[in-house]
Amino acid sequence: MIKFTKEEVNPALFDIPGNKAPGPDGFSSFFFQDNWELVGKDIFEAVTSFLETEMMHGLSFPSAFIKLVMTCVRTPRFSLMLNGSLHGYFESKRGLRQGDPMSPLLFVLGMEYPSQIMGRIGDKTDFYFHDRCATTKLNHLAFADDVLIFYDGDFRSVYYLLQGLKMFFKTFGLQPNAAKSAIYTSNMPEEHLRRILAVSGFQHQSLPFTDLGVPIGAKKISGKTVRFWQRK
């Protein structure tokens, strides 16, 4: 059985920015870091208990991690306070809803996997970044429930990206909605565009489009243009 030491577990907490918290009512990392002498032993035992128990049962870390997340989703119980007293417990039956404090955390955890895939794709010698993203090696952005993907426009690069997305979909049991997925291009050869649309099944739409009220396009935009799109 694999054993973990404090020298392996403790730095993970102290690497988290101090102002981060699991929710609006949760303790920030500063709390745990500043009070490590009091709570460190309990946190270490909780983390190592989970890791060592699941690995002893022969589970790989990804499957054990998924099991932990789903346990957190499926096992909450609630009670009602009436006249100052708690009355009974009942289980959650309807799953997560938008606005649930756990939803953003699950999204971040879920999107870490495709981000790792996109990073591997970006390391390929025959993948070409968009000319404005080459310096930072940026080929995707994720925010809330939106994902933007960037590349140079050649067919091989977009094929890599689509294969990466398919791997993500199969792993999580998801299916992309082609009617809500779009490819935006600028000065791309018509032949390349036809091949990409045929492989992806997505729609081709024209620039600019808006994301969170901000117009996204191939040209530099002015503050006046931003205000115009935000009023639409």
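The points below go through a predicted model, from its overall make-up to single residues.

1. Basis. Local features in this predicted model need pLDDT of at least 70 and side-chain atom pairs count only at pLDDT 80 or more, while totals for chains, interfaces and linings use all residues. Residues are numbered from 1 along each chain as its sequence is written, and side-chain values use heavy atoms, with hydrogens and water left out.

2. Overall make-up. The protein has 8 helices and 8 strands, taken as DSSP runs numbered from the N terminus (helices H or I, at least four residues; strands E, at least two). Of its 232 residues, 23% count as buried. Buried means under 20% relative accessible area, exposed over 50%, and partly exposed in between (1.4 Å probe, protein chains only). Among contacts (heavy atoms within 4.5 Å) between residues at least 6 apart in sequence, 39% join residues at least 24 apart.

3. Helix H1. In H1 (residues 6-14), the buried residues are Val9, Asn10 and Leu13. Viewed down the axis of H1, these buried residues fall within an arc of 95°, so they line one face of the helix. The arc is that of the directions from the helix axis to the C-beta atoms.

4. Largest nonpolar core. A nonpolar core is a set of buried Ala, Val, Leu, Ile, Met, Phe, Trp, Tyr and Cys residues joined through side-chain atoms within 4.5 Å. The largest one has 20 residues, and those touching the most other members are Ile121, Phe127, Tyr151, Val158, Leu161 and Ile196. Two or more residues each come from helix H5 (102-122), helix H6 (155-172) and helix H7 (190-200). H6 gives the most, with 8 residues. Leaving aside neighbours within four places in sequence, Ile121 contacts Phe127, Tyr160, Leu161 and Gly164.

5. Nonpolar surface patch. Phe78, Leu80, Leu82 and Phe90 make a nonpolar patch of about 390 Å². Patches are made of residues with over 30% relative accessible area and no salt bridge; like charges are joined within 9 Å, and nonpolar side chains (Val, Leu, Ile, Met, Phe, Trp, Tyr) within 5 Å. Strand E1 (residues 77-82) gives the most to the patch, with 3 residues. Leu82 lies in E1 and is partly exposed, at a relative accessible area of 47%.

6. Salt bridges. The structure holds 2 salt bridges, each a side-chain nitrogen of Lys or Arg within 4 Å of a carboxyl oxygen of Asp or Glu. One joins Lys41 and Glu45 (2.6 Å, N to O). Both residues are in helix H3 (residues 36-56), 4 residues apart, about one turn of the helix. Lys41 is exposed at 53% relative accessibility, whereas Glu45 is partly exposed at 38%.

7. The bridge between distant parts of the chain. Asp126 forms a salt bridge with Arg156, with the closest N and O atoms 3.7 Å apart. Asp126 is in the loop between H5 and strand E3 (140-143) and Arg156 is in helix H6, 30 residues apart. Asp126 is partly exposed at 23% relative accessibility, and Arg156 is partly exposed at 47%.

8. A backbone point. Lys137 has a phi near 55°, a positive value in a residue other than glycine. Most residues other than glycine have a negative phi. Lys137 sits in the loop between H5 and E3 and is exposed, with a relative accessible area of 56%.

Definitions and conventions
Areas by Shrake-Rupley, 256 points an atom, 1.4 Å probe, with all protein chains shown as cover.
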